[in-house]
Amino acid sequence: MLHTALRWTAAVVVFAAVGVAAAYGVTRMERTDVPGLATASDGRWDYPEIHRPPLPSGSPGPFAETNKAGAHYADLRELVLPAPKGAKAEAELRGEDGWLAPESFLAEYASKGDRETIGHLLTDNGLRHIAARGWTMRDGTRTRIYLLRFTTAAVVDDLLAGKLTAFDYPRYHLRGTEEVADDEQFPASSQVDGVVRVLGNEAKPYGAEQVRHAYLGAGDTVALIVQSRKGTTEAVPFQQTVVLQSQLLS
């Protein structure tokens, strides 16, 4: 149940050929505990069981009909996806009291001009807070997740419809990327209801590392998820991370 624990769509995302009709799963179970999945590891990460934080008494969820602003009333810091087992946390993304300075978020972007432009966008659109988390896995894959809360869902819709992204395409290059292509490995069937998703996958030839990233829009909050690794990044952990963070925000 989504109100108790969040899971990712294993069957739809990576096991369509097997024909396993699993619902959102699997974050903690061993492969041998899941019918049809007792095969070689597919590379998924071992996330803890994930729960949405409680809402203040009487507060609606971000997509409730009574919540016209699309506000997340839960603590934004509690809505950032936790790190999976075996991850080494990146202390610099913890911020002060869990709030990250905009400059740390802007450092993800490649050019000074883009950083200045996006900085103005954040200010002009009433950025309220940034919460973040980052970690590195044993294989060298780095993950950074940023949640940016604005005043209303209308502001977020506008940012993802031509400012931060151009509807279905990221507008600005992240550090380590030169050309961005569509992420054709990411199936549309994993889309979480109510959450806007814009994907970017660094196009070949890669430089020293490959970078995958996704923008999410959910109510009054924009998320940026970045994964990078020397050589190439794996599709499954990225998909898993994006789906679980989408669910937390929904």
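Modeller: Phe105, Tyr109, Tyr146 and Tyr172 form one aromatic cluster. This is a predicted model, in which local features need pLDDT of at least 70 and side-chain atom pairs count only at pLDDT 80 or more, while totals for chains, interfaces and linings use all residues. Residues are numbered from 1 along each chain as its sequence is written, and side-chain values use heavy atoms, with hydrogens and water left out.

A pair of aromatic rings is described by the distance of the centres and the angle of the planes. Rings of Phe, Tyr and Trp (its six-membered ring) pair if their centres lie within 6.5 Å; planes under 30 degrees apart count as stacked, over 60 as edge-to-face and the rest as tilted. The structure has six aromatic pairs. One of them is Trp45 with Tyr47, which is tilted because the planes stand at 50°, with the ring centres 6.4 Å apart. Trp45 is buried at 8% relative accessibility, and Tyr47 is buried at 0%; buried means under 20% relative accessible area, exposed over 50%, and partly exposed in between (1.4 Å probe, protein chains only).

The rings of Tyr109 and Tyr172 have their planes at 90° and their centres 6.5 Å apart, so this pair is edge-to-face. Tyr109 sits in the loop between helix H2 (102-106) and helix H3 (112-124), and Tyr172 in the loop between helix H4 (153-163) and strand E4 (180-181), so the pair ties together parts 63 residues apart in sequence. Helices (H or I, at least four residues) and strands (E, at least two) are DSSP runs, numbered from the N terminus. Tyr109 is buried, with a relative accessible area of 0%, and Tyr172 is buried with 10%.
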